Amino acid sequence: MNTIFRKSVLGIAGVAFAGGMVAGPVAAYADTAPVAGKPVAVVQADKPDMGKLVPHGVQGSQSTIDLSDEQTAN
């Protein structure tokens, strides 16, 4: 009988601990007011040209790899 009682107490304590782990963080932030933010304007800059993207020019031709049909399927 002692073993059944001990297992019951440990089971109830485990459920209480798990409930506290879930409800604790929720309860900690339940009374905080939301922060009012200001709207942010998004300004898109002009698109960079090739002079900005590749300032030193292209150094050589583009390399290629020949793939088999099996490699292409993968």
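The protein chain exposes about 7600 Å², with 63% supplied by carbon and sulfur atoms (Shrake-Rupley method, 1.4 Å probe; for residues, only the protein chains shown count as cover).

I noted that this is a predicted model, where local features need pLDDT of at least 70, side-chain atom pairs count only at pLDDT 80 or more, and totals for chains, interfaces and linings use all residues. Residues are numbered from 1 along each chain as its sequence is written, and side-chain values use heavy atoms, leaving out hydrogens and water.

Next I checked confidence. The protein chain has a mean pLDDT (the predictor's confidence in each residue, from 0 to 100) of 79, and 86% of its residues reach 70 or more.

Then I looked up the elements. The protein chain has three helices and zero strands (DSSP runs numbered from the N terminus: helices are H or I, at least four residues; strands are E, at least two). Confidence is lowest in helix α1 (residues 2-28), at a mean of 77, and highest in helix α3 (residues 69-73), at 92.

Last, I looked at burial. Buried residues make up 0% of the 74 residues (buried is under 20% relative accessible area, exposed over 50%, partly exposed in between; 1.4 Å probe, protein chains only). M50, in helix α2 (residues 50-53), is exposed at 55%.
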